[in-house]
Amino acid sequence: MKYLHLIWAALFRRKTRTILTLLSIIMAFLLFGMLDAVRISFAEAGQSANGAERLQTGARLSFIQTLPKSLTEKIAAVPGVKDVAFANWFGGAYQDPHNQVFTFAVSDNYLDVYPEVIVSAEDRKAFADDLNGILAGEMLIKKYGWKIGDTIPLQSQIFPNQEGSKNWSFKLVGVMSSKDGRAFQSGMIILHWKKFDETTPYNQGEVGWYVSRVTDVNQADRIARDIDALSANSDHETKTQTEQAATRNWIKQMADIGLIVTSIMGAVFFTLVLLTGNTMMQAVRERTNELAVLKTMGFSNHKVLGLVLGESVLLLLLGGAIGLALVSVIGAALPAMSGGMINNTHVGISSWVVGIALATGIGLLIGALPATRAMRINIVDALAGR
Amino acid sequence: MSTLVEIRDVSKTYERGKQKVEVLHHVNLDIQKGDFLALMGPSGSGKTTLLNLIGGLDSPSGGSISVGGQRIDKLGGGALAKWRAANVGFIFQFYNLLPMLSAQKNVEVPLLLTALSAAERKRNAAIALQLVGLADRASHKPTELSGGQQQRVAIARAFVSDPSLLVCDEPTGDLDRQSAEEVLGLLQVLNREHGKTIIMVTHDPKAAEYAKQTLHLDKGTLVEQAAA
């Protein structure tokens, strides 16, 4: 620690260069923090105590294929199933096709299987009483400035209404929220399946997927097998899995988030190593004489090695810590931007640990070459300017 | 007076590409404790090389060098660094202060290699700056000081860890006459009042007058000895 002021002073010897380098490190770690939050958010999707109680049943072939509504009673009759609800993908866009809003057409008891979703009794009654009513997540309501009673136009990418138009119109009758703001319903809309089924000619008594709540999570595997057995060898074979597994599969069908994040970060950090490594080499080359003077005073080769390594590690740790801290500030906007898909934008302990380890590792890596060079400086040659 | 530095049959050869250049030829020299020695001679005569060997910055190609009874030509890199930290203070022509540190912090640098606490380091550095008459410039960076002031800070840095030997390579080479005299007067005080043994390389005969004796080197050989 007694050398810290020496390291600090050497680091900021050329302020502009160091600040610019620091900015690039901050940006790299900001990106890392944001992408890691996204990765964790996707990885944790469906991982909750309530989620563990839920099974999702979809078509075995593809999640696009629908299932007959008649399965509802059969699934409800499977021993260990507490409730069965169902939903259909609606796929809404608000005002502009780019403003995608997750919208599901759901059964009347849909909210019963999601006890973590908070809807006031008043709003719930309003929803039950109005077939054209919708419930929207509080994040969406905030984002678009909606008020209860507003007419919300939504465009479905797939389903036309009775007039053959894909432009639908609903009345906002209530708000969905959750205690920790992490339920995905906070960023989506639900409408009545009955209204959807009656209105669109594309759907005739079909549902997209079933959600069942089980009485005992330890029985989940057996119940899943029993549910799938109901449709075995039919034209609508099902695949039942836990909510977590279903969410993971669904996300995987869209993209391998982990691979994308790792690839982007690999490219970013590779560039960072080249950029910062070059800066460190330049910084040490400029200070050959000063390092030789330190050696003259009695600083050993290893001490000089440690000073230069300390400098590069400090630079990376500083940039890394600022970058990760900024994620919490800038990341606050991410849930709204993702329509509630990504809620976990704070940097958790695991991200900090990985971030600090990365910063230290990169610091050691980029410092290794200039530090070795500094260690090998010949005092006499350096002082003579050779 | 006892002998502090004993140089016996010391040679130094440098390799420049394929060529071997012998810079010092079988030099023998004794320097007494408390001496103030000026080394003079034309460029390329081996003055700085001899100074570097005495200061433990370089190793001889042949012969032996003892300082305070210790054979420094036998010491390895790490041991030699430790020895330098404890026994030698260096003063350069171009001061070689660390530009990003204040005068006070520059003087504290050699003390980082001691077991002194931060408060003791600060106090010792303040005393050293006071001795060179720059207590009021402690917080100034080198660029905010004149050449003479920078060299005085460098002198404070050289003696702050209380070494027995000060080696000075052209300490007034970059200074005007008045600043040079101030610096040389300071070295004389360190020699006479604080008992520091000083070896100074200089081209300037006026600077050499401050020394107790002057030695001349020519083509790597000691050619003349004159007592002041």
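Reply: Strand 12 of chain A, residues 209–214, is mostly covered, since five of its six residues are buried. A residue is called buried if 20 or more other C-beta atoms lie within 10 Å of its own, exposed if 12 or fewer do, and partly exposed in between, with C-beta atoms placed from the backbone. Strands (E, at least two residues) and helices (H or I, at least four) are DSSP runs, numbered from the N terminus. The model is predicted: local features need pLDDT of at least 70, side-chain atom pairs count only at pLDDT 80 or more, and totals for chains, interfaces and linings use all residues. Residues are numbered from 1 along each chain as its sequence is written, while chains are lettered from A and ligands numbered from 1 in the order in which they are written.

The partners of this strand come next. Strands of a sheet pair through backbone hydrogen bonds, either parallel or antiparallel. Two strands are counted as paired if DSSP finds at least two bridges between them. Strand 12 of chain A pairs with strand 1 of chain A (residues 54–59) in the antiparallel sense, over four bridges. Within this pairing, Val211(A) of strand 12 is the bridge partner of Gln56(A). Strand 12 of chain A also pairs with strand 3 of chain A (residues 81–89), again antiparallel, over six bridges. Here Ser212(A) of strand 12 is the bridge partner of Val84(A).

Helix 11 of chain A, residues 288–297, is likewise mostly covered, with seven of its 10 residues buried. Among them are Leu291(A), Val293(A) and Leu294(A). Gly298(A), with a positive phi near 120°, follows helix 11 of chain A.
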